[in-house]
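Please look over the sequence and the model shown here before reading on. The briefing is grouped by topic.

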Amino acid sequence: MSSPFATGTAAVPDRVSAASDHASAAPDRVPTAPGQAPVASSAAPVAADRVSAASDAAPVASDQASVASGAAPVASEQVPAEAEYVSAVPDRSTVRLALVVGGLVLAVLLGFGLGRLEGGGPSAAAGADSALTGHRHAPGTGAHEHGVDQAAAAQAAGLSVSSAGYTLTPVAAAFTAGRAGELRFLVRDAQRRPVTRFAVVHDKPMHLIVVRRDLTGYQHLHPTMAADGTWSVPLTLPQPGVWRAYADFTALADDGRQSAVTLGVDLTAPGGYQPRPLPAPASSATVDGFTVSYQGAPQAGVTVPLTFRVDSAGGRPTLERYLGAYGHLVALREGDLGYLHVHPEPQPVDGAVTFWVTAPDPGRYRLYLDFQVAGVVRTAEFTLTVP
């Protein structure tokens with residue numbers, strides 16, 4: 001065992017024992033006269049093969065011994081391995097280390113306990129039933145977490161210009177029906193500062209959905225952002241009326257938090273507005289020679305799968321990836337035009353693409369499926385009734 005006396009450190013154990021069956025125990029301290037080297041006690045002989053003693057005339061090396069308060073210098077070159085030292089008082093560094101480790105463990109346990117109390121445990125966030133068993137995210141799906149915030153998924157989004165501390169502020173939004181124009185807008189945070197940091201979701205940092213209030217004229221656009229946070233995109237409103245624009249994005253806060261938000265704002269193209277009635281519910285639609293059909297029965301407040309297939313007269317076409325996925329589905333509620341959260345599966349199965357849909361309430365919804373075949377993106381539209 002190594003000596004407990006470190007070079008340059010004043011550490012003298014309170015008691016020192018030298019176990020030996022041939023020698024008696026040395027006293028706790030050997031008194032010496034001031035200014036003299038320590039001497040071995042004449043009343044306590046120690047076997048030479050177990051304990052080495054400093055000579056009466058030997059000087060004490062200053063770099064190998066230190067003086068404790070009220071004690072004489074102690075000479076120590078190397079304590080034999082057989083000797084054992086037991087200190088009744090742990091040194092201060094050991095005490096400090098134990099206190100630090102104990103404090104860290106206590107802080108972790110307290111943080112875990114408080115987190116479970118505030119979050120209510122794993123089941124507290126499940127505000128709606130879910131059929132998301134075994135579901136995985138497609139690449140680039142940003143901050144969406146299924147099964148974690150089902151309460152939010154069960155609520156329609158895009159009903160206001162402000163949500164979750166973010167506000168959509170149009171900068172230029174004057175349009176003439178049938179004439180090319182430009183939409184410019186900012187996203188501001190709770191301090192009214194322009195937001196300039198966004199996560200890339202489905203290959204784009206911003207998705208803009210535009211539709212007239214009778215759910216016609218659907219457009220899926222991707223604005224570009226200037227250095228000052230101003231987003232801009234060419235936009236044509238083909239018919240007069242009130243249109244709804246949805247900004248779907250994931251903002252990055254200064255502390256690194258990601259917030260998936262959908263904000264909505266009305267746009268107006270002056271002129272005579274004649275709303276069209278919503279087409280009757282159907283599970284299939286035809287667009288440019290392709291027949292698109294779906295299977296599934298959405299229920300209010302329950303997350304369920306809808307599976308879409310694309311067919312044509314020449315056989316089943318090969319779906320291509322578009323914006324990082326094999327299809328994009330937007331669902332809007334009739335009346336207030338609430339925007340639903342819809343999440344795709346990453347890969348088609350037997351040529352079919354599955355989306356997970358949460359309808360918050362009974363009523364009629366309009367579905368818009370974007371899919372790509374041979375480099376061309378098309379949109380199939382459906383009317384869906386949720387009982």
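The notes below cover a cavity, a strand pair and some salt bridges.

This is a predicted model, in which local features need pLDDT of at least 70 and side-chain atom pairs count only at pLDDT 80 or more, while totals for chains, interfaces and linings use all residues. Residues are numbered from 1 along each chain as its sequence is written, and side-chain values use heavy atoms, with hydrogens and water left out.

**Cavity**

- There are two cavities of 30 Å³ or more in the structure. A cavity is a set of points on a 1 Å grid over the protein atoms alone where a 1.4 Å probe fits but cannot get out, and lining residues have an atom within 4 Å of a point. Points are joined across faces, edges and corners, and a volume is the space filled by probe spheres set on them.
- The second largest cavity has a volume of about 30 Å³.
- Its lining consists of Leu168, Pro170, Leu183, Phe185, Leu208, Ala245 and Val265. Strand E3 (166-172) and strand E4 (180-188) are the elements that give two or more residues to this lining. Strands (E, at least two residues) are DSSP runs, numbered from the N terminus.
- The lining residues divide into seven nonpolar, no polar and no charged. Nonpolar here covers Ala, Val, Leu, Ile, Met, Phe, Trp, Tyr, Cys and Pro; charged covers Asp, Glu, Lys and Arg; the others, Gly among them, are polar.

**Strand pair**

- Strands E17 (residues 363-373) and E18 (residues 376-386) run antiparallel and are joined by eleven bridges. Two strands pair if DSSP finds at least two bridges between them.
- Asp370 stands opposite Thr379 in E18.
- E17 and E18 form a hairpin with two residues between them, and Ala374 in the turn has a positive phi of about 55 degrees.

**Salt bridges**

- The count of salt bridges comes to 13, each being a side-chain nitrogen of Lys or Arg within 4 Å of a carboxyl oxygen of Asp or Glu.
- Asp266 and Arg213 meet in a salt bridge (3.2 Å, N to O). Asp266 lies in strand E10 (residues 258-269) and Arg213 in the loop between strand E5 (206-212) and strand E6 (219-221), so the pair ties together parts that are 53 residues apart in sequence.
- Asp361 forms a salt bridge with Arg333, with the closest N and O atoms 2.8 Å apart. Arg333 counts as buried because its relative accessible area is 12%, and Asp361 is partly exposed at 36%. Buried means under 20%, exposed over 50%, and partly exposed in between (1.4 Å probe, protein chains only).

Conventions. On a 1 Å grid over the protein atoms alone, a cavity is a set of points where a 1.4 Å probe fits but cannot get out, and a pocket is an open set with protein on both sides within 12 Å along at least five of seven lines; lining residues have an atom within 4 Å of a point. Helices (H or I, at least four residues) and strands (E, at least two) are DSSP runs, numbered from the N terminus.
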